[in-house]
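The following explanation leads through one protein model, step by step. Please keep the sequence and the structure in view while reading.

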Amino acid sequence: MMNEFLSMKTSVIFTTYNAPVWLQKVLWGFFAQTHRDFEIVIADDGSRDDTRQLIDNIRGMSPMPIRHVWQADEGFQKSRILNKAIAATRGDYLIFTDGDCIPREDFVAEHLRHAEEACYLSGGYFKLPLDISKAITQEDIASRRVFSPEWLGEVGMSLGIIKSLKLTVRGRVGDWLNYLPVKASWNGHNSSCHKKWAIAVNGFDEKMQYGGQDAEFGRRLRHLGVKAKRIRYSTICVHLDHGHGYVTPEMKANSARIRANTIKHRLTWAAVGLDQYLHPDGTLRAETEEKKA
């Protein structure tokens, strides 16, 4: 029987920051999806104009609408731009990934196949080294060979059985492997939930920068009663390598304190969050606007 959620209005959200080459590869991955009835919302944390130019140029080849939500560069403010992107979505179901993660062609379809009313989904990823990340072409993505262990071996990456399984299993085999006892936290690279749950916990905590802001969001969802469901062997994306020069010890320490407080007090609401960008009826406030050309 077809999952009723396959017909939902769906929004895919991912962040980017001054990485147009990586962004283009990710967009190619979404252009190759088997299920195409969704919008793409790019949450741009202050990129330069070359990112806007790429998005404007690539819209013409996109099978689905692309929205570009931008904010000025004030350092690493992923939680803030994610909240603005959530506020701007038109979908009832939200799929989250990152601007450095190329989705397998069934990525969106599998999220919708596994969607449940009171669950969030926690998917997996496969990390690539920098040289292969740079070498990937549009044809590698369109032909799906970027998810082939044989092809990755040919270009110099050694894979074991477990890593190969993450890339290749599908259907019932993947569904069975999802039951392996692995923690199902909210993963920024591959997770999804109904939009109403993101609103109910007030989105991401903007007091947090780098360091566990995704997991803290998932923790508040669980405190609210939204269960975590593992789909790491059903949905997969390949993670392109990059540095983290923007991370500071102070960021990580602050985020750790907030996350510990959320756990200790079983918090469900972000004190500084999504409600800044939405009216009480859930409609978008005027000050949260899509980036214009």
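**A guided reading of the model**

R144 is partly exposed, with a relative accessible area of 41%. The model in which this value was computed is a predicted one. R144 sits in the loop that runs between α6 (138-142) and α7.

R266 is located in the segment after α12 (249-265). With a relative accessible area of 53%, R266 is exposed, because the limit for that class is over 50%.

The discussion now turns to charged side chains. Side chains of opposite charge can pair when their charged atoms come close. Across the whole structure, a search finds 17 salt bridges. One of them joins the side chains of R59 and D56, with an N to O distance of 2.9 Å. R59 is partly exposed, its relative accessible area being 28%, and D56 is also partly exposed, at 25%.

Another salt bridge pairs D214 with K78, whose closest N and O atoms are 3.4 Å apart. This pair links distant parts of the chain, for D214 belongs to helix α11 (residues 213-224) and K78 to helix α3 (residues 78-88), 136 residues apart. Are these two partners buried or exposed? D214 has a relative accessibility of 14% and therefore counts as buried. K78 has a relative accessibility of 11%, so K78 counts as buried as well.

A further salt bridge is formed by K196 and E117, with 2.2 Å between the closest N and O atoms. K196 lies in helix α10 (residues 195-200), whereas E117 lies in the loop between α4 (107-114) and β6 (119-122); the pair therefore ties together parts that are 79 residues apart in sequence. K196 counts as partly exposed at 42% relative accessibility, and E117 is partly exposed with a relative accessible area of 37%.

Salt bridges may also share partners, and in this way R104, E105, D106, R144 and R170 are joined into one network. Another member, E105, is found in the loop between β5 (101-103) and α4. E105 is buried, because its relative accessible area is 7% and the class covers values under 20%. The side chain of E105 makes a polar contact of 2.8 Å with the side chain of R170. Which residues does E105 touch when its neighbours within four places in sequence are left aside? E105 is then in contact with A32, Q33, T34, R144 and R170.

The last stop is helix α8 (residues 161-168), whose buried residues are S164, K166 and L167. These residues lie on the same side of α8, because they cover an arc of only 155° around the axis. The exposed residues I161 and I162 are carried by the face of α8 that is turned away from the buried side. Among the elements that cover the buried residues of α8 are β7 (124-127), α7 (149-154) and β10 (236-239). Of these, α7 has already been mentioned, as one end of the loop that holds R144.

Technical notes. Residues are numbered from 1 along each chain as its sequence is written. This is a predicted model: local features need pLDDT of at least 70, side-chain atom pairs count only at pLDDT 80 or more; totals for chains, interfaces and linings use all residues. Side-chain values use heavy atoms; hydrogens and water are left out. Buried means under 20% relative accessible area, exposed over 50%, partly exposed in between (1.4 Å probe, protein chains only). Helices (H or I, at least four residues) and strands (E, at least two) are DSSP runs, numbered from the N terminus. The arc is that of the directions from the helix axis to the C-beta atoms. Contact means heavy atoms within 4.5 Å. A salt bridge is a side-chain nitrogen of Lys or Arg within 4 Å of a carboxyl oxygen of Asp or Glu. A polar contact is a pair of N or O atoms within 3.5 Å; within protein, one must be able to donate a hydrogen and the other to accept it, and residues adjacent in sequence count only if both atoms are side-chain atoms.
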